[in-house]
Amino acid sequence: MKKILILGGGTAGTMMANKLRKNLPLTAWEIKVLDKDEIHYYQPGFLFIPFGIYQPEDVVRDKKDFFSKGIDFEIAEAAKIVGEENKILLKDGSAISYDILIIATGAQVVPEETPELKGELWYKDIFDFYTYEGSTKLAKKLENWEGGKLVINLAETIIKCPVAPLEFTFLADAYFTEKGMRDKVEITYVTPLSGAFTKPKATKMLSQLLAEKKVNVVPDFYLQRVDNERKVLVSYDDKEVPFDLLVSIPVNKGADVIANSHMGDEDGLNFVPTDKQSLQSQQFKNIFVIGDATNVPASKAGSVAHFEAEVLTDNILNYIKGLPFEEKFDGHSNCFIETGFGKAALIDFNYTTEPLPGKFPLAGIGPMELLKESRINHMGKLAFKWIYWHMLLTGKTLPVSTAMSMTGKEVEEEVLV
Amino acid sequence: METILSAPLLATNEEGYLKNYTEWTEEWACAIAAEHNIDLTAKHWEVLQWLRAKQAEGVALSLRKVGNSGIVDIKQLYALFPGGPLKISSKIAGIPKPASCI
Ligand SMILES: Cc1cc2nc3c(=O)[nH]c(=O)nc-3n(C[C@H](O)[C@H](O)[C@H](O)COP(=O)(O)OP(=O)(O)OC[C@H]3O[C@@H](n4cnc5c(N)ncnc54)[C@H](O)[C@@H]3O)c2cc1C
């Protein structure tokens, strides 16, 4: 009997377990999933909790309920991966060996990386919304907040769901407007990027939206520390931004087990060097990496993990048969961007094609608008929760192609100079 | 000004980044540095060489990686290349503008 061990039973690990189980005989392959935590959080829902749009109970389920028959799910924390010996060590010192290892340990926020971010004001006037605890505490804070300077800050450029901070900003504008107190709140978006987003066309569209919603943008601001006493953000080049309420997206890092195993890349952020097309680890041939845990230059998003899972399933099946990899991950990413007041925008892109305007065909639901606000996009965003629990995790095929398609996208004629 | 005039004319993109990083020369680097009011010291050169070596290895660069290089920390990099440390140092090093991942 051979064994596939999946480290991490979150979005990507759960999908991979279910997909592989369908394709591998029970008599020849054992599939084991290990996670340190029993609860599966629907992380995209963390965005809506601070504004009372989702309740905390909407985003929690039992991890064990999402694995199909024939998958062995165990709660335990891995302390170290020993790739040379094809085994992992658990916190309690015991070892689990494998023939194939899939690393799906995700990304976590680490406020401790930034001096004084997790200081006196943490969960008083400084919050994150990337965790269950942060988003639920922020909901309570917003309920009674009387207004002032609201600052949204990204401490790093590599974060999961890179559009979530913008969505939070748009929803905050709508929330305070609907509460009749928008005039009492000054909203400032402080980012280490040179603009609202990294890709030119999307940045232009999103910057216009921020301006329409009267949000100040402070670009090129790389956070060094937080001054709790004076309530200011301080950058590496000594710029300062004052706040009354800070919503921080702390530095995102891969799991601690990656650092303990010396398997992270040179950024020191514990993301695993991974071949961006095959998703094989660059260090060990029988280790594959998926989801937020990789260092591939694609968004860290559930939709990306889904497209990766389609490719990785085929690649692992080929690997088992001793055949070369046939499927290549193209960096496909598909993200709804909530823009407030019941609307959303949609972006669809990959490693080489930036988000473009146009229409996005979706079988059975109808065309969505790309790079433009619409109500149907917002319906799509809300429908994602149902799709996530009922289709994505269980490994069903979604009505979206794995490779990015140019159908519906408007390409400008290249201007020749 | 003399350095700028004597800078070899190399093909750059619309943002001034060298199209082919193998064409890079030290004179060119000095000229571009001068455009940004930077006098290149030994420390600057060390950073520039490190950036070029990483580019040759195919490593995607970030401020954090330079900060972990052992040559400078992030604060010192800001002092060496004020304004946009990674963007400006990359330009002078003749390597492409760093694409921050999303
Ligand atoms: C606020 C927010 C909004 C988002 N919005 C969207 C959205 O709209 N659309 C979208 O597509 N994506 C969105 N995402 C991103 C999406 O949630 C993630 O990209 C996705 O969950 C990644 O899946 P993963 O399996 O790689 O990691 P995770 O789902 O985080 O799973 C990692 C698992 O590994 C386990 N683990 C870690 N270390 C160990 C260890 N040592 N031993 C055992 N187990 C371990 C963890 O307990 C966890 O269960 C959002 C994320 C956030 C935070």
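A salt bridge here is a side-chain nitrogen of Lys or Arg within 4 Å of a carboxyl oxygen of Asp or Glu. By that rule, there are 6 salt bridges between chain A and chain B. One of them joins Asp238(A) to Lys75(B), with the closest N and O atoms 3.0 Å apart. On the side of chain A that touches chain B you'll find 10 nonpolar, 7 polar and 10 charged residues (Ala, Val, Leu, Ile, Met, Phe, Trp, Tyr, Cys and Pro count as nonpolar, Asp, Glu, Lys and Arg as charged, the others, Gly among them, as polar).

This is a predicted model: local features need pLDDT of at least 70 and side-chain atom pairs count only at pLDDT 80 or more, while totals for chains, interfaces and linings use all residues. Residues are numbered from 1 along each chain as its sequence is written, chains are lettered from A in the order written, and side-chain values use heavy atoms, leaving out hydrogens and water.

Counting contacts (heavy atoms within 4.5 Å), 27 residues of chain A touch 16 residues of chain B. In chain A, Tyr236(A), Glu266(A) and Asp267(A) lose the most area to chain B, together 35% of what that side buries.

Now for the helices (DSSP runs of H or I, at least four residues, numbered from the N terminus). In chain A, the axes of α1 (residues 11-23) and α6 (residues 302-321) come within 9 Å and cross at roughly 35 degrees; axes are lines fitted to C-alpha atoms over the stretch in contact, with angles from 0 to 180 degrees between N-to-C directions. Their contact residues divide into 9 nonpolar, 5 polar and 2 charged.

Definitions and conventions. Buried area is the accessible area (1.4 Å probe) that two parts lose on being put together, summed over both. Helices (H or I, at least four residues) and strands (E, at least two) are DSSP runs, numbered from the N terminus.
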